[in-house]
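Please look over the sequence and the structure shown below before reading on.

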Amino acid sequence: MLDFLQRLGQWTLKGLKRLGRANIFMVYVLGGIPLCVRRFRLVITQLFAVGVLSILIIFVSGLFVGMVLGLQGYNTLVDFGAEESLGVLVALSLVRELGPVVSALLFAGRAGSALTAEIGLMKATEQLSAMEMMAVDPLHRVIAPRLLAGIIAMPLLAAIFSAIGVFGGYLVGVVMLGVDDGSFWAQMEASVDIREDILNGVIKSVVFGVAVTWIAVFEGYDTLPTSEGIGRATTRTVVNSSLAVLAFDFILTALMFNK
Amino acid sequence: MLEYRKIEILVGAFVFAGLLALTILAMKVSNLTDFGGGDGYDVKAKFDNIGGLKVRAPVKMAGVQIGRVAEIGFDNETFQAVAVMKIDRKFDAIPKDTAAKIYTAGLLGEQYISLEAGGEEDSLKDGDSIILTSNAVVLEQVISQFLYSKAAGDDKSGS
């Protein structure tokens, strides 16, 4: 019994310690943001890695999610003779939920894992220590640009996802199934609100961007400097950031769309 | 150096695509273009029952949207609902004796205020009130009225 309590205590303390380390780490990294703004080239290189290289998967999944929404929505709505509302259904579910959430999950798998592995390997091969020896702060030089790039890239990716998804819904709904073109767009325009829906979606994706990139760079920086440790850190990044995205999504939805 | 230039161009294209997607969402998907709620004048109307009218519901005249409901309040003395409508500046010649009615778009759709022009020369200004109002049609009332009259009619024919 006491053993069990001890283990529980150990586990809790370890978790809290990690959380504390992650926060201190974040404060140091934020101190490196001014450097990034001055040397924006560092951020651009990272934007290429996390943003441009993620476009393909975002594009394809956005298109397919939109098309599936179009099909499923049509099949349900046609029973009520309300297939003109298909545009509303597709646009609202994409802009409010699926766009930010699915692209954040993909982003965690595509870019977050790569960030963790990269930084973990830098640590394992003592590149980070070497930088410190040269009086270059790795938190400012390596981590901060990656964090900033992740936070910039995420809302853009989510917006691309939503726009492509709406187009996919249009393809299936209007071109394939023959929903009226005009009422598809008109009803969508009438019920999607710029502040309520689109701005809130963007806020969501920014929050997810911070969460995913923060977890990714911290796991990389905090990894055991062995090949096994890097593997485990990468797995943890994907699992933890996906869970964080889903949890934040629930909280944000409750705060934003609760009337 | 050439490699870096390529990266920069691709990143530029990425940011451009993201911003473009946001603009498409804002312009095409949402209703940014009409009635941002900025410029307009306020007109009040008191209703006995506003039904399911909500803030930001459209205000229409002859079926054309001319404004939005800005605020819904309650008058503590007359026990009436007060709806404040923000009407676009462009429509500044609405007669003073205009009537306001609450209609439903479709059978179960959202409710909106419909204005029907009167004949007076003076036009509504900021802060004015509309006096002629009629209430929202509450579906339950209509159904119960219908059932009552039906029942009464059946009684008459039966006896």
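## Contacts, cores and a sheet

Leaving aside neighbours within four places in sequence, Val212(A) is in contact (C-beta atoms, placed from the backbone, within 7 Å) with Ala104(A), Phe107(A), Ala108(A), Gly112(A), Gly150(A), Ser241(A) and Val245(A). This is a predicted model, in which local features need pLDDT of at least 70 and side-chain atom pairs count only at pLDDT 80 or more, while totals for chains, interfaces and linings use all residues. Residues are numbered from 1 along each chain as its sequence is written, and chains are lettered from A and ligands numbered from 1 in the order in which they are written.

A nonpolar core is a set of buried Ala, Val, Leu, Ile, Met, Phe, Trp, Tyr and Cys residues joined through C-beta atoms within 7 Å, where buried means that 20 or more other C-beta atoms lie within 10 Å of a residue's own.

| Core | Size | Residues include |
|---|---|---|
| Largest | 77 residues | Leu47(A), Ala91(A), Val212(A) |
| Second, separate | 20 residues | Ala45(B), Val59(B), Ala81(B) |

Chain B has two helices and eight strands (DSSP runs of H or I, at least four residues, and of E, at least two, numbered from the N terminus). Its eight strands form an open sheet of mixed pairing, in the order S7-S1-S4-S3-S2-S6-S5-S8, two strands being paired if DSSP finds at least two bridges between them. Strands S7 (128–130) and S8 (133–134) of chain B stand at the edges, each with a single partner strand, so one side of each is left without a neighbour in the sheet. Strand S1 (residues 40–47) of chain B pairs with S7(B) in the parallel sense over three bridges, and Lys44(B) has Ser129(B) as its bridge partner in S7(B).

Technical notes. A residue is buried if 20 or more other C-beta atoms lie within 10 Å of its own, exposed if 12 or fewer, and partly exposed in between; C-beta atoms are placed from the backbone. Two residues are in contact if their C-beta atoms, placed from the backbone, lie within 7 Å.
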